[in-house]
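Please take a moment to look over the sequence and the model shown here, and then follow the description below from its strands to its helices and on to a single residue in a loop.

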Amino acid sequence: MLQKTQGIVLNHIKYGESSIIVTIYTEVFGRQAYIINGVRGKKAKIKANLFQPLFLLDMEVYHKPKRELQRVKELQNAFIFSSIPYDLKKSTLAIFIAEVLYKTIQEHEPNSGLFKYLFSSIQMLDVKEKGTSNFHIYFLTHLTKQLGFFPDNNYSENYCYFDLKAGQFVQLKPMHFSFLDKASSKAFSNMLEYSEEQHQDLEIDYKVRIQLLEKLVEYYMLHNEGIKSIKSLEVLKEVFH
């Protein structure tokens, strides 16, 4: 059946000499894999540059339930980026976020709340002029609302260590290593509380930002079985050094 949907590019791999398999998170069908034939040829009807990480697409697809590989009739940009493909920090963020989403989102059913959050956040990243250094921390933190493991922000002077396993702030330093120290816990509490506009003005020390990033990835690993590692994490840390 021919249907229209919007989609977010998460990943693509080469298939044969001129084709690719693209994983796209769609508004109507959830996560889907599409085979695009002849995309790397000179006369390709659909160009390969449309499948860069987090590209937003308008799609017309042949959808068959339970089929592993779906097919596309037509697609085009739903939103033309002005900065993400050309800005080193933003393009590195896009690669990192796409990898997290590719390993986190496995459902083949629609989730309108999640899709709207992702679509608007990606647009926001493209137009953002400041606050890029905190964007991924804020994004990952508030993505947990959509994924079902949003932390409990019970931070106080006494409850000043964030326990990743418990998903809340605790009074005593945990006996395991999955926790944030006091400085990072305070910054994390602010990130949980602040709006998108407020977080971009939040000044975070580089070491604190790196610990927040590493521990957020660990938090995802603890609460989502799909993530075992994030290969792009080290590159992201270098670019934002």
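**From the strands to a loop**

In this predicted model, strand β2, which covers residues 19–26, is joined by seven bridges to strand β3, residues 30–36, and the two strands run antiparallel. Within this part of the model, Y25 stands opposite R31 in β3. Helix α1 packs on the sheet, where it touches β1 (2–15) as well as β2 and β3, and the direction of α1 makes about 105° with that of β1.

The wider arrangement can be described next. Five strands close into a barrel, and their order is β1-β2-β3-β5-β4, with mixed pairing. On average, and with direction ignored, neighbouring strands of this sheet are turned by 55° against each other. Helix α2, for its part, lies across β1, β2 and β4 (56–62), and runs at about 65° to β1.

Between the two helices, α1 (88–104) and α2 (112–127), there is a loop, and Q106 lies in it. Is Q106 buried, partly exposed or exposed? The relative accessible area of Q106 is 39%, and because partly exposed residues are those between the 20% limit for buried and the 50% limit for exposed, Q106 counts as partly exposed.

The side chain of Q106 has a polar atom that lies 3.3 Å from the backbone oxygen of Y102, and the backbone oxygen of K103 likewise lies 3.3 Å from a polar atom of the Q106 side chain. Along the chain, Q106 and G226 are 120 residues apart, yet their C-alpha atoms are separated by 8.0 Å.

Methods
Residues are numbered from 1 along each chain as its sequence is written. This is a predicted model: local features need pLDDT of at least 70, side-chain atom pairs count only at pLDDT 80 or more; totals for chains, interfaces and linings use all residues. Side-chain values use heavy atoms; hydrogens and water are left out. Helices (H or I, at least four residues) and strands (E, at least two) are DSSP runs, numbered from the N terminus. Buried means under 20% relative accessible area, exposed over 50%, partly exposed in between (1.4 Å probe, protein chains only). A polar contact is a pair of N or O atoms within 3.5 Å; within protein, one must be able to donate a hydrogen and the other to accept it, and residues adjacent in sequence count only if both atoms are side-chain atoms. Two strands pair if DSSP finds at least two bridges between them. Axes are lines fitted to C-alpha atoms, for helices over the stretch in contact, and angles run from 0 to 180 degrees between N-to-C directions. Contact means heavy atoms within 4.5 Å.
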